[in-house]
2 protein chains.
Amino acid sequence: MKYGIALFPSKKIQDLVNSYRKRYDPNYALIPPHVTLKTAFDASADDIVTIANELRITAQDSNPIKISIKKVSSFSPVNNVIYLKVEPNDDLLDLHSKLHKGSLRLEPEYSFVPHITLGQKLSDDEHSDVLGSIKMLDVQHEEVVDRFHLLYQLENGSWTVYETFLLGKDNE
Amino acid sequence: MKYGIALFPSKKIQDLVNSYRKRYDPNYALIPPHVTLKTAFDASADDIVTIANELRITAQDSNPIKISIKKVSSFSPVNNVIYLKVEPNDDLLDLHSKLHKGSLRLEPEYSFVPHITLGQKLSDDEHSDVLGSIKMLDVQHEEVVDRFHLLYQLENGSWTVYETFLLGKDNE
């Protein structure tokens, strides 16, 4: 079974992001707007019990994450993906690093560029049009997210939450 | 903000149910296949912190739920909803009852008929055609679900998981 780890920004940000994803992201219906912390990985039902136990400890030992958004950016020319850039900070990088250790030891596919996708799989023309207009948006935003989620993928490509993990000692 | 409480059956059942929902359920893209434990209710961000705390205690004090499916049924003539009937059992009824007490005290809209929707908002003709063919399926299935989820609704109608609650003392 395929699993992944993500955090969801506030409803306000999810609603804003969905207003773009609806038109520009073919994955719009498969998962809510999110920051991927760990891309899809395979695990058995047994593995996942162990992994979930580790994630509970990881979450307790980690801090809530400040999500600071200052601009829209793109992975072009590597990928025509337009996204809200999430400014890296120590708590976020620390959590990402812990999610790639222990049972979760797997090389990350790319270096970690925290982001919330607005659009993807765009043609070159569409990409430059959309990026041009979205870049004019004022997207300054800051919030604190106190949880992350382990999800699994169904056959239709959509993701169901397996478990939520609360960040920080206060949530023990 | 609108919240709801649901449990997700196993991936196997979700995949089976989605193969019908894809054609017959306009809510297909809004939420994974689920058993509704508490229909949509309004709560503020402050309320929900209290509610989540109560749900953590409720979950610890409740048992994992046996999901026993024996047949396909329909709410017709009240609603043209076709569903997998989940046989009521004490643990499930007990959990449902706890989710309508305390901060969550709200009259349930209908009497509780636990189910997993396969199709809804069907025309009368479509309803009888689809029900006729689905009824021939052998849907005997039994499994135990050890968690439930509190979700909130985005502006586009889709649901994001706020938190997962693990059922039973072992998960404390």
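Q: Is B:Lys11 buried or exposed?
A: Buried means under 20% relative accessible area, exposed over 50%, partly exposed in between (1.4 Å probe, protein chains only). B:Lys11 has 15%, so this residue is buried. The model is predicted: local features need pLDDT of at least 70, side-chain atom pairs count only at pLDDT 80 or more, and totals for chains, interfaces and linings use all residues. Residues are numbered from 1 along each chain as its sequence is written, chains are lettered from A and ligands numbered from 1 in the order written, and side-chain values use heavy atoms, without hydrogens and water.

Q: Which residues does B:Lys11 touch?
A: Contact means heavy atoms within 4.5 Å. Leaving out residues up to four places away in sequence, B:Lys11 touches A:Met1, A:Tyr152, A:Gln153, A:Leu154 and A:Glu155.

Q: What is the area buried between chain A and chain B?
A: The size of an interface is often given as the accessible area lost when the parts come together. Here the loss is summed over both parts (1.4 Å probe). The value is about 2,000 Å², with 52% from carbon and sulfur atoms. A:Lys11, A:Arg147 and A:Leu154 supply 25% of what chain A buries against chain B, more than any other three residues.

Q: How many salt bridges cross the interface of chain A and chain B?
A: A salt bridge is a side-chain nitrogen of Lys or Arg within 4 Å of a carboxyl oxygen of Asp or Glu. The rule finds 4 across this interface. B:Glu155 and A:Lys11 meet in a salt bridge through their side chains, at 2.3 Å from N to O.

Notes: Buried area is the accessible area (1.4 Å probe) that two parts lose on being put together, summed over both.
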